[in-house]
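Here is a briefing on one protein chain. Look over the sequence and the coordinates, then read the points by topic.

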Amino acid sequence: MTDSFRSGFVAIIGRPNVGKSTLLNRIIGQKIAIMSDKAQTTRNKIQGVYTTDDSQIVFIDTPGIHKPKHKLGDFMVEAAYSALREVDAVLFLVSADQKRGPGDNFIIERLKNVEAPVFLIINKIDTIHPDALFEIIEDYQALMPFAEIMPISATEGNNVPKLLETLETYLEEGPQYYPADQVTDHPEYFVVSELIREKVLHLTHEEVPHSVAVVVEDMSRDEYDKIHVRANIIVERTSQKGIIIGKGGKMLKNIGIKARKDIENLLGDHVYLELWVKVEKNWRDKQRQLQSFGYREMDY
């Protein structure tokens with residue numbers, strides 16, 4: 001660690017499905033936030049830790065801001081806004097292939113009251129013609145001044161190193177909050193539950209994804225040093241349980257196979273994954289259920 005070590009916290013905020021989790025995973029170098037083409041995939045604030053010899057940046061990936069329809073939605077939006085309160089910089093992510101909409105305007109109005117420097121990050125530049133970029137920049141600049149404007153591709157990695165270098169210049173001297181090899185502050189069981197939920201999102205029908213929660217009940221090693229993971233997939237209706245289990249248990253088996261591979265990559269060990277599906281009616285609107293399934297506001 002150098003004599004002038006810099007550190008700080010940076011929030012990643014934006015509409016649903018603009019690539020916030022993809023960017024965080026690209027920065028960290030491994031999957032700690034789940035990705036899906038379905039909106040509102042991220043539900044909690046996910047902290048990713050990026051450390052170099054000179055600096056440490058703690059990124060907070062927030063749920064996409066949207067109009068809440070239930071208590072879970074209220075939690076998600078509040079989690080996103082609370083990330084803005086005590087950070088050293090904010091990355092406002094927009095998608096180059098989507099026109100600025102009411103959701104972006106709504107976020108910008110909130111960002112005008114943020115004291116920290118706000119970066120406009122135009123993601124998915126690999127999907128548009130370079131000439132279209134200037135029009136996008138002018139459009140957003142007309143609404144508020146940004147500390148920096150950076151076009152990137154989180155998927156391809158374009159300009160992400162430059163973004164990190166620029167962010168470092170905005171940080172003040174500070175301590176190293178986490179060990180250099182730590183990439184997230186969340187406990188392993190949280191990331192494991194998210195990896196399982198990601199596979200449910202990828203493999204099931206449209207009526208299932210937002211009704212799903214995953215709770216890891218137990219993680220332990222056996223005498224052969226194999227990790228046993230027992231998790232419950234929670235849904236709201238019996239029909240959804242049938243979809244997730246699938247004919248002859250095929251869907252649940254497929255979810256387990258795909259999730260186990262990611263969990264083994266995360267933990268660096270052989271994993272035995274045991275999945276159960278349970279019905280908890282209207283759990284997204286029940287405060288006690290939300291808390292027991294891990295949707296609690298945390299202080300950062």
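**Briefing: buried residues, helix packing and aromatic pairs**

Arg197 sits in helix 6, which spans residues 188–203. The model is a predicted one. Arg197 is a buried residue, because its relative accessible area is 1%, and buried means under 20%. The points below begin with charged side chains, then turn to helices and rings.

- The side chain of Arg197 makes a polar contact with the side chain of Glu194, at 3.1 Å.
- Lys20 belongs to helix 1, residues 20–28.
- Lys20 has a relative accessibility of 6%, so Lys20 counts as buried.
- Lys20 and Val94 are 74 residues apart along the chain, yet 9.1 Å separates their C-alpha atoms.

**Helix 3**

- Four residue names make up the buried set of helix 3: Asp104, Ile107, Ile108 and Leu111.
- These residues lie on the same side of helix 3, because they cover an arc of only 105° around the axis.
- The cover over the buried residues of helix 3 includes strand 1 (6–14), strand 4, strand 5 and helix 4.

**Helix 4**

- Helix 4 runs over residues 132–141, and its buried residues are Leu133, Ile136, Ile137 and Tyr140.
- Their arc around the axis is only 100°, so they share the same side of helix 4.
- The face turned away from that buried side carries Phe134, Glu135 and Glu138, which are exposed.
- Strand 4 (89–95) and helix 3 (102–111) are among the elements that the buried residues of helix 4 pack against.
- Strand 5 (118–123) and strand 6 (148–151) are also packed against by the buried residues of helix 4.

**Helix 7 against helix 8**

- Two packed helices are described by the angle between their axes and the distance between the axes.
- Helix 7 covers residues 238–245 and helix 8 covers residues 250–267; their axes cross at roughly 65° and come within 5 Å.
- On the helix 7 side, Ile243, Ile244 and Ile245 take part in the contact.
- On the helix 8 side, Lys250, Met251, Leu252 and Ile255 meet them.
- By class, this contact of helix 7 with helix 8 holds 6 nonpolar residues, 1 charged residue and no polar residues.

- A pair of aromatic rings is described by the distance of the centres and the angle of the planes.
- The count of aromatic pairs comes to 4.
- One of them is Phe92 with Tyr140, an edge-to-face pair at 6.2 Å centre to centre, with 75° between the planes.
- Phe92 lies in strand 4 and Tyr140 in helix 4, so this pair ties together parts that are 48 residues apart in sequence.
- Phe92 is buried, with a relative accessible area of 0%.
- Tyr140 also counts as buried, at 3% relative accessibility.
- Phe92 and Phe146 form a stacked pair, because their planes are at 20° and their ring centres are 6.5 Å apart.
- This pair links distant parts of the chain, with Phe92 in strand 4 and Phe146 in the loop between helix 4 and strand 6, 54 residues apart.
- Phe146 has a relative accessible area of 13%, so Phe146 is buried.
- Phe92, Tyr140 and Phe146 together form one aromatic cluster.

Key:
Residues are numbered from 1 along each chain as its sequence is written. This is a predicted model: local features need pLDDT of at least 70, side-chain atom pairs count only at pLDDT 80 or more; totals for chains, interfaces and linings use all residues. Side-chain values use heavy atoms; hydrogens and water are left out. Helices (H or I, at least four residues) and strands (E, at least two) are DSSP runs, numbered from the N terminus. Buried means under 20% relative accessible area, exposed over 50%, partly exposed in between (1.4 Å probe, protein chains only). The arc is that of the directions from the helix axis to the C-beta atoms. Contact means heavy atoms within 4.5 Å. Axes are lines fitted to C-alpha atoms, for helices over the stretch in contact, and angles run from 0 to 180 degrees between N-to-C directions. Ala, Val, Leu, Ile, Met, Phe, Trp, Tyr, Cys and Pro count as nonpolar, Asp, Glu, Lys and Arg as charged, and the others, Gly among them, as polar. A polar contact is a pair of N or O atoms within 3.5 Å; within protein, one must be able to donate a hydrogen and the other to accept it, and residues adjacent in sequence count only if both atoms are side-chain atoms. Rings of Phe, Tyr and Trp (its six-membered ring) pair if their centres lie within 6.5 Å; planes under 30 degrees apart count as stacked, over 60 as edge-to-face and the rest as tilted.
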